[in-house]
Amino acid sequence: MAGVETAPRWLSLPDLADALVGSLSHNDCVMLRMVTKELSQHESLSGFTVFRLSECVPNSIYSERWDVESTAACLSLERRRQLVKLTAASGSLENLQVAVRRVQCSLSGAPLAAAAAAGHIHICQWLRRHSGCLETTDE
């Protein structure tokens, strides 16, 4: 095809994956698997199959999974609270807003403590203003 550039033959996606896997976060490796079928089956990426909610997940992917009314409702109260806690620890305010909107339960101080432990002051401030998480608890 005229005008279409292709990657040099010496640079293959599996070779690139091998070079990058050690320097990428777990969730980045999960996303790398989503690039092509070849990468999804690549040996060095085989352990990266699910996102860790305590690490930043792209909002579009998080929202696709959790910003559906029935999804969080299927979880037990403990799991819904854990969802908010892990999302607070990730530092993504957009994702946390989705989680708080969908869990439909009162929150303990656990999300505030998780955000503070991870150093996400902006999340702590938002939780204090918007969800009544004023005290930490031993959860």
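How are H4 and H7 oriented to each other, roughly parallel or roughly antiparallel? The views below start with that pair. This is a predicted model, in which local features need pLDDT of at least 70, side-chain atom pairs count only at pLDDT 80 or more, and totals for chains, interfaces and linings use all residues. Residues are numbered from 1 along each chain as its sequence is written, and side-chain values use heavy atoms, with hydrogens and water left out.

**View 1. Helix H4 (residues 59-66) packs with H7 at about 10 degrees, their axes 9 Å apart.** H4 and H7 are therefore roughly parallel to each other (angles under 35 degrees count as such). Asn59, Tyr62, Ser63 and Trp66 of H4 meet Glu94, Asn95, Val98, Ala99 and Arg102 of H7 (contact means heavy atoms within 4.5 Å). By class, this contact has four nonpolar, three polar and two charged residues.

**View 2. Helix H6 (residues 77-90) and helix H7 (residues 93-103) cross at roughly 165 degrees, and their axes come within 9 Å.** H6 and H7 are therefore roughly antiparallel (over 145 degrees). From H6, the contact uses Arg80, Leu83, Val84, Thr87 and Ala88, and from H7, Asn95, Leu96, Ala99, Val100 and Val103. These residues divide into seven nonpolar, two polar and one charged.

**View 3. Arg65 lies over the face of Trp66.** Here Arg65 is 4.5 Å from the ring centre (a charge sits over a ring if NZ of Lys or CZ of Arg is within 6 Å of the ring centre and within 35 degrees of the ring normal). As for aromatic pairs, a search of the whole structure finds zero (ring centres of Phe, Tyr and Trp, the latter by its six-membered ring, must lie within 6.5 Å).

Technical notes
Axes are lines fitted to C-alpha atoms, for helices over the stretch in contact, and angles run from 0 to 180 degrees between N-to-C directions. Helices (H or I, at least four residues) and strands (E, at least two) are DSSP runs, numbered from the N terminus. Angles under 35 degrees count as roughly parallel, over 145 as roughly antiparallel, 65 to 115 as roughly perpendicular and the rest as oblique. Ala, Val, Leu, Ile, Met, Phe, Trp, Tyr, Cys and Pro count as nonpolar, Asp, Glu, Lys and Arg as charged, and the others, Gly among them, as polar. Rings of Phe, Tyr and Trp (its six-membered ring) pair if their centres lie within 6.5 Å; planes under 30 degrees apart count as stacked, over 60 as edge-to-face and the rest as tilted.
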